[in-house]
Amino acid sequence: MSTTTSSKNYGIGVQVAALSVALLMYTTSMTTPALAEIAKAFPNAAAETIQLLSTIPSLMMVLFSLVSGKLTEYISIKKIIIISMVLIFVGGIPSAFFGDLNFMIAMRVIFGAGFGMVFPMASAVITDLFTGDQGNRLMGFKSAVGAAAGVVFQFAGGILASYNWRWSFLGFLLVLPIAILIWIKLPDTGVKKSAPTEGSSAGKVKKLTSMTYIITLACFLFNIFQFSFMTNVAMVMSADQIGDATQSSMVLSIFSAASFVIGLLYGSLSKVTKKFTAAIGVLCVGIALTVMLTASSYALFLVAAVIFGIGFGIFNPSMTMAVAGSAAEPKFAALAISIYTCGTGIGQFISPYVLKFLRSALGLESTRANWQIASVALIVGAIIALVIIAFSGKKARTETSL
């Protein structure tokens, strides 16, 4: 493919189609509000087994985000997105009609393959088609659109689950109109062939930098702790008699709504917060989990969800843009995003198990013990990051003035 393809000034139809790919990233949240109801349907299953329905897509994201990144060397981004949509639909719908817990877990594996493939492509399609200020603006809009989808998917899933937990899987029918839009409007930009740079031998082209892996590690650690919000909200609210599936879905929807607003404002906000943006996001998430530790009412859970959404909405686009820029060349941005997505998936999948180990090691038995651990880890981590960033900036200014 020629290098001029990415510099075309695509119209509103293509922009909408590109942003609609982000909708697919949030299809996994469709069944999150139903976890408590599913646990009631399978009372002999361990909590960690029930949580597999939420964490398996994250595990599959680890493998298939790397697969999709590699596939960009052989097939176009649009074709990868189409394949992922088929897998999401096939893995999502059957559990609405039949199957035990083991069957649902198997379907989540198929769904997770599609989810893992599309996750990095939602960002890669924007960096592929748009550049400069338009690319930055659309990356912020991508987070906003995804968050809006989260509101719809989570609330719809909660409403459906309140009638019958199986009905929450019917929400995957929403993939069909998204697929039609992408099929019709999203351009196929072909395959980007990697070529050795001058002075390098074939097969030894530098694609990623050390910064790619540093950002990925930071995201991995962040997701171990932040994902406790997703996997524990429904169960904590049910156990402490604060709300049912409908109320827990509203908490998750409010989180997504806050992320939506921040996504729209991200372009302007990041100009103010600059290098501190991601660390501020982590701090907000930690504060949100602290609020949830002592929240005894539905209203306080909603307040915490807003703070969490602000933090997540700041952190996500900031790190995505940073990792895309960390690639050795712009054409390797999709691969860098895939590596980053892999770190996200590993962190989310092992989150319940790492937190279970820490609970046991610390002797914590509260239903909100995961949030006790996560809140401290995130707040301390954010403060350390802010200090390091401030110190490094001051040091750089001092060296410049000498």
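I began with H9, which has a kink of about 65° centred on Tyr266. The bend at a residue is the angle between axes fitted to the seven residues ending there and the seven starting there. This is a predicted model, where local features need pLDDT of at least 70, side-chain atom pairs count only at pLDDT 80 or more, and totals for chains, interfaces and linings use all residues. Residues are numbered from 1 along each chain as its sequence is written, and side-chain values use heavy atoms, without hydrogens and water.

I checked the span of H9 next. Helix H9 (residues 245–273) has 29 residues, yet its end C-alpha atoms are only 36 Å apart, short of the 42 Å that a straight helix would reach at 1.5 Å a residue. Helices here are DSSP runs (H or I, at least four residues), numbered from the N terminus. Lys274 follows H9 with a positive phi, near 50°.

I moved to H12. A kink of about 50° lies at Ser351, shortly before the proline Pro352. Just after H12, Gly363 has a positive phi of about 70°.

Which residues lie nearest the centre of the second largest pocket? I found Ile214, Ile215, Leu217, Ala218 and Met319, among 13 lining residues. Helix H8 (210–239) and helix H11 (298–325) each give two or more residues to that lining. H8 gives the largest share, eight residues. A pocket is an open set of points on a 1 Å grid over the protein atoms alone, where a 1.4 Å probe fits, with protein on both sides within 12 Å along at least five of seven lines; lining residues have an atom within 4 Å of a point.

Last, I noted that Val376 is in helix H13 (residues 369–401).

Conventions. The expected span of a helix is 1.5 Å times one less than its number of residues.
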